[in-house]
Amino acid sequence: MRIENYISDLLYRYECVTVPGFGSFITQYQSAKVHNNTNAFYPPSKSIAFNEQLKSNDGLLTKHIAEVQNVSYEEAQKHIEASIAQWNKTLFANEKITLKNIGELWLNENDKILFQPSYHINYLTASFGLSSFVSPAVTREEIKKEVEKIEEKTPIAFTPERRKDRSYLKYAAIFLLALSAGTIGYRLVDIQKETQIEVAQQEAQKQIESDIQQATFFDTTPLEIPSITLKVEKQPLKYHIIAGAFRVEENADKKVQQLREKGFEAERIGKNKYGLHQVTYASFADVPEALNFLREVKSNESAEAWLLVNEL
């Protein structure tokens, strides 16, 4: 059985898919981006990473395989263990493991697992139908080159005109020069008057501002600012560490009371599809916090605890 197909299915819906005893594949949102060198546009997506420290069985992958294959939970777990054994054999033979649509795994010199994600599939469902594309860059230099080519093909020729000896034009030029000199002198007088008016206006404005400052009174009584109440939306708690499921509701309440006496934030989160009342050690909004808490509970409280992801 190739369990990577089931891992790929779960990566569309969950941020963390754990392969029990091997490691976890974790997704993270990546915003849209543009490659400056190639002018390629990429839509929003999910990036995939691998963490070999997260090995505890949260039941997600095993339960999914059992439901799809219509087999028992124990039989699905055996299939996973067989696949992990084959993966470890391949790794220790210094060969790469290729997981279709997920990526490649191999060992480095220190026997640590390295991971190279695959970019063939976008696991972000919100970007369904969007693909990357390349747009040619628009540069003004190209337009400038086209204009230069046109000018080269169609040069403009200037033909000098022959001058005729017209003496009366000399007198007309002298008359125009005298008229221009008078106009310029009159304009200089106007400019001087405008400058004097502008200076007088500035002095008057300064005097007005000074009078306003002297006539201004300040109230030293402090102002009372009304209080503002901000509503902060809490993130939904959709990651639950399950302590048990009970047919009888009273037994579920007793379990909640026992766990609360031990210091856990236990509560009932409703019935599952089998009609059992589920009791949690605690609930979280963040995957890493939930997984860390699950490891602590498995080590110190109960090895039967598992992680339930509730899609809201």
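Reader: Is Thr280 buried or exposed?

Author: This is a predicted model, and in it Thr280 is buried, with a relative accessible area of 0%.

Reader: Where is Thr280 found?

Author: Thr280 lies in strand β12, which covers residues 277–284.

Reader: And which residues does Thr280 touch?

Author: Leaving aside residues up to four places away in sequence, Thr280 touches His240, Ile241, Ile242 and Ala243, together with Leu259, Ala266, Glu267 and Ile269.

Reader: Let me turn to the helices. At what angle do α2 and α3 pack?

Author: Helix α2 (residues 60–69) and helix α3 (residues 73–92) pack at an angle of about 110°, and their axes are 8 Å apart. That angle makes α2 roughly perpendicular to α3, because angles of 65 to 115 degrees count as roughly perpendicular.

Reader: Why are both an angle and a distance given?

Author: Two packed helices are described by the angle between their axes and by the distance between those axes.

Reader: Is the crossing of α2 and α3 left-handed or right-handed?

Author: The crossing of α2 and α3 is right-handed.

Reader: Which residues meet there?

Author: From α2, the residues are Leu61, Thr62, Lys63, Ile65 and Ala66; they meet Tyr73, Ala76, Gln77 and Ile80 of α3. The residues of this contact comprise 6 nonpolar, 2 polar and 1 charged.

Reader: A change of topic: what is the phi of Asn94?

Author: Asn94 has a positive phi of about 60°, although Asn94 is not a glycine. Asn94 is found in the loop between α3 and β6 (97–99).

Reader: Is Asn94 buried or exposed?

Author: Asn94 is exposed, because its relative accessible area is 71% and the cut-off for exposed is over 50%.

Reader: What about the phi of Asp111?

Author: Asp111, a residue other than glycine, also has a positive phi, near 60°. Asp111 sits in the loop between β7 (103–107) and β8 (113–117).

Reader: Finally, what is the mean pLDDT of the protein chain?

Author: The mean pLDDT of the protein chain is 77, and 62% of its residues reach 70 or more.

Reader: Where is confidence lowest, and where is it highest?

Author: Confidence is lowest in strand β9 (residues 133–134), with a mean of 54, and highest in β7, at 93. Over residues 215–220, the pLDDT is below 50. Beyond near neighbours in sequence, that stretch has 0 contacts in the model.

Methods
Residues numbered from 1 in each chain as written. Predicted model: local features only at pLDDT ≥ 70, side-chain atom pairs only at ≥ 80, totals over all residues. Heavy atoms only, no water. Axes fitted to C-alpha atoms, helices over the stretch in contact; angles between N-to-C directions. Helix = DSSP H or I, 4+ residues; strand = E, 2+ residues; numbered from the N terminus. Parallel < 35°, antiparallel > 145°, perpendicular 65-115°, else oblique. Left-handed = near helix turned anticlockwise from the far one by under 90°. Contact = heavy atoms within 4.5 Å. Nonpolar A, V, L, I, M, F, W, Y, C, P; charged D, E, K, R; others polar. Buried < 20%, exposed > 50% of the residue type's maximum accessible area, 1.4 Å probe, protein only. pLDDT = per-residue confidence, 0-100.
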